[in-house]
Amino acid sequence: MLEIKNLHARIAEDGTEILNGIDLVVKPGEVHAIMGPNGSGKSTLSYVLSGKDDYEVTEGDILFNGESILELGPDERAAAGFFLAFQYPIEIPGVATMTFLKAAINAQRKARGESEITTPDFMRLVKETSAKLNISSDMLKRPLNVGFSGGEKKRNEIMQMALLQPKLCILDETDSGLDIDALKVVSEGVNALRSPDRAFIVITHYQRLLDHIVPDVVHVLSKGRIVKTGGPELALELEKNGYADFVDVAA
Ligand code: ADP
Ligand code: MG
Ligand code: MG
């Protein structure tokens, strides 16, 4: 489904190289965890995958279902089935969460040449999904993410994901700032979306999230490269020993 080949990327503004040759293959149905110390390039990888234009790919390729997506913008990647849940979800004052969600669904439908979702269909979908994720109707009326707690923002991201039914979900530190109850709600939301034709890249600094979202494969990122790959036991090892063994590997 996703094949990252020798990916090098830098910050467009000042040319700083952040990703230094990443290779990764993610098959449908798989959950890959990417762990690594702060500053190792985890968020950069998620931004480069989503097509954010603050970053430039200088070498390598990203293939989705066998085709390069490097020339596609963020909207086209989203239409193709990419979804990125940000580490720091953006706040949009003046746009009710509900309005935003409907616009997101319709943008995806439009990109696929489909007609807009009807209001009754949208209301039914939102009601079902928000109930599962413990999201109140009051929260849906508030401006997107404005004044939301960390847990509310993350639940809202998972709600977008559930509504858009993406093929490839990239979760960047979805666990940061969550208490244990919110972590469970978010994890259950993700687990409910696991399916044989959908893949996940779960980026996290801590092993804790992976007790709830059990990955098939765990990778360690250090200085913009994957320096170790293993099974779920690798995450436990990191929890015990920290990242000290890895930070110098790619130096
Ligand atoms: P992580 O998510 O693993 O903590 P990041 O991808 O956020 O790491 O950052 C990797 C490195 O790139 C850090 O040194 C960070 O300061 C730098 N960096 C990332 N994006 C930018 C940017 N837009 N401008 C300047 N520095 C950046
Ligand atoms: Mg960070
Ligand atoms: Mg980060």
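**Sheets, helix packing and ligand shell**

Ile11 stands opposite Tyr55 in S4, and the model that shows this pairing is predicted, so that local features need pLDDT of at least 70, side-chain atom pairs count only at pLDDT 80 or more, and totals for chains, interfaces and linings use all residues. Residues are numbered from 1 along each chain as its sequence is written, while chains are lettered from A and ligands numbered from 1 in the order in which they are written. Helices (H or I, at least four residues) and strands (E, at least two) are DSSP runs numbered from the N terminus, and two strands pair if DSSP finds at least two bridges between them.

**The sheet of 4 strands**
- The strands of this open sheet follow the order S2-S1-S4-S5, and their pairing is antiparallel.
- Strand S2 (17–26) and strand S5 (67–68) are at the edges with a single partner strand each, so one side of each has no neighbour in the sheet.
- Strand S1 (residues 2–11) and strand S4 (residues 55–64) run antiparallel and are joined by 8 bridges.

**The sheet of 6 strands**
- A second open sheet has mixed pairing and the strand order S6-S9-S10-S3-S11-S12, with strand S6 (82–85) and strand S12 (225–230) as the edge strands, each pairing on one side only.
- From one strand to the next, the twist of this sheet averages 20 degrees, where angles run from 0 to 180 degrees between N-to-C directions and axes are lines fitted to C-alpha atoms, for helices over the stretch in contact.
- Strand S9 (residues 168–172) runs parallel to strand S10 (residues 199–203) and is joined to S10 by 5 bridges; Ile170 has Ile201 in S10 as its bridge partner.
- Helix H9 (residues 232–241) packs on the sheet and touches S3, S11 and S12, its direction making about 45 degrees with that of S11.
- H1 lies across strand S3 (31–35), S6, S9, S10 and strand S11 (217–222), and runs at about 150 degrees to S9.
- S11 and S12 run antiparallel and are joined by 5 bridges, with Arg225 in S12 as the bridge partner of Ser222.
- The hairpin of S11 and S12 has 2 residues between the strands, and Lys223 in this hairpin takes a positive phi near 50 degrees.

**The shell around ligand 1**
- Among the residues around ligand 1 are Ile11, Ile18, Gly36, Lys42, Thr44 and Asp54, a residue counting as near if its C-beta atom, placed from the backbone, lies within 6 Å.
- Helix H1 (residues 42–50) supplies the largest share of this shell, with 3 residues.
- The shell has 2 nonpolar, 7 polar and 2 charged residues, where Ala, Val, Leu, Ile, Met, Phe, Trp, Tyr, Cys and Pro count as nonpolar, Asp, Glu, Lys and Arg as charged, and the others, Gly among them, as polar.

**Helix packing on H6**
- The axes of helix H4 (residues 119–132) and helix H6 (residues 150–164) come within 10 Å and cross at roughly 135 degrees.
- H4 and H6 are therefore oblique to each other, given that angles under 35 degrees count as roughly parallel, over 145 as roughly antiparallel, 65 to 115 as roughly perpendicular and the rest as oblique.
- Leu125, Thr129 and Ser130 in H4 meet Met159, Ala162 and Leu163 in H6, contact requiring C-beta atoms, placed from the backbone, within 7 Å; the residues of this contact are 4 nonpolar, 2 polar and no charged.
- Helix H3 (residues 97–111) packs with H6 at an angle of about 35 degrees, the axes being 10 Å apart.
- On the H3 side, the contact residues include Leu101, Ala104 and Ile105, and on the H6 side they include Asn156, Gln160 and Leu163; by class, this contact of H3 with H6 has 5 nonpolar, 4 polar and no charged residues.

Methods:
Contact = placed C-beta atoms within 7 Å.
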